[in-house]
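Thanks for coming. I have one model to go through today, and I will start with the overall picture before turning to details.

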Amino acid sequence: MTTPHSTAQTLTERIETLYGQPLAALEAHADATPHDSMLAALLGSLADLQLAERSITFHRDRLRQLVHPDRSIEAFDAGHLLDNARRISEAVAIRDIQAKTLGAVLQSLHRIPVPASEPTPAPPPIPPAAPAPAVRTR
């Protein structure tokens with residue numbers, strides 16, 4: 001059994017730090033929110049990244065099975081070897097693109113410190129209304 005790729009874990013931690021909550025709570029919040037949000041976009045990109053990493057792991061493990069030293073490689077296996085190598089290449093490209101994009105978005109986002117509570121300044125006094133002009137009657 002292999003461990004997940006560190007890229008998804010690193011970006012997960014950055015999202016959790018940015019929002020100050022664990023991923024499960026963030027996913028629940030995004031699912032309960034009826035409109036699109038930055039959080040939903042980040043989580044969608046993270047899910048795509050995780051899928052690419054699982055695909056890399058799956059096809060790498062399958063490729064290892066196909067080239068195991070105790071197995072002979074026949075003509076039929078050559079197509080499977082080529083297919084798994086191609087799928088690994090595609091998944092790596094997708095992972096790298098997702099990681100670069102997600103990393104750039106996270107780099108542009110940051111928590112803004114909450115300012116210390118300061119008393120709200122009183123609104124300026126309202127000047128007295130000017131007297132109404134006198135109306136002339138004949």
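Take contacts first, where contact means heavy atoms within 4.5 Å. Among contacts between residues at least 6 apart in sequence, 67% join residues at least 24 apart. Before going further: this is a predicted model, in which local features need pLDDT of at least 70 and side-chain atom pairs count only at pLDDT 80 or more, while totals for chains, interfaces and linings use all residues. Residues are numbered from 1 along each chain as its sequence is written, and side-chain values use heavy atoms, with hydrogens and water left out.

The protein has 4 helices and 0 strands, so the order from the N terminus is α-α-α-α, with helices (H or I, at least four residues) and strands (E, at least two) taken as DSSP runs and numbered from the N terminus. Of the 138 residues, 23% are buried; buried means under 20% relative accessible area, exposed over 50%, and partly exposed in between, with a 1.4 Å probe and protein chains only. The protein exposes about 10700 Å², and carbon and sulfur atoms supply 61% of that. Those areas come from the Shrake-Rupley method with a 1.4 Å probe, and for residues only the protein chains shown count as cover.

Now helix α1. It covers residues 6-19, 14 residues in total, and reaches 20 Å from first C-alpha to last, close to the 20 Å expected at 1.5 Å a residue; the expected span is 1.5 Å times one less than the number of residues. Which residues of α1 are buried? They are A8, L11, T12, I15 and L18. These residues lie on the same side of α1 because they cover an arc of only 125° around the axis, the arc being that of the directions from the helix axis to the C-beta atoms. On the other side, S6 and T17 are exposed. The cover over the buried residues of α1 includes α2 (23-32), α3 (38-66) and α4 (75-108). Just after α1, G20 takes a positive phi of about 70°.

Next, the core. A nonpolar core here is a set of buried Ala, Val, Leu, Ile, Met, Phe, Trp, Tyr and Cys residues joined through side-chain atoms within 4.5 Å. The largest has 15 residues, and those with the most contacts inside it are L11, I15, L43, L46 and L106. Each of α1, α2, α3 and α4 supplies at least two residues of this core, and the largest share, 5 residues, comes from α3.

L18, in helix α1, is buried at a relative accessible area of 15%. Leaving aside neighbours within four places in sequence, L18 is in contact with L42, L106, L109, H110 and R111. L18 and L106 are 88 residues apart along the chain, with their C-alpha atoms separated by 8.2 Å.

Last, charges. A salt bridge is a side-chain nitrogen of Lys or Arg within 4 Å of a carboxyl oxygen of Asp or Glu, and by this rule the count is 7. One of them joins D77 and R71 at 3.6 Å, N to O; D77 is buried at 7% relative accessibility, whereas R71 is partly exposed at 36%. Another joins D83 and R86, with the closest N and O atoms 2.6 Å apart. D83 and R86 are 3 residues apart in helix α4, and are therefore separated by about one helical turn. Salt bridges that share partners join D83, R86, R87 and E90 into one network.
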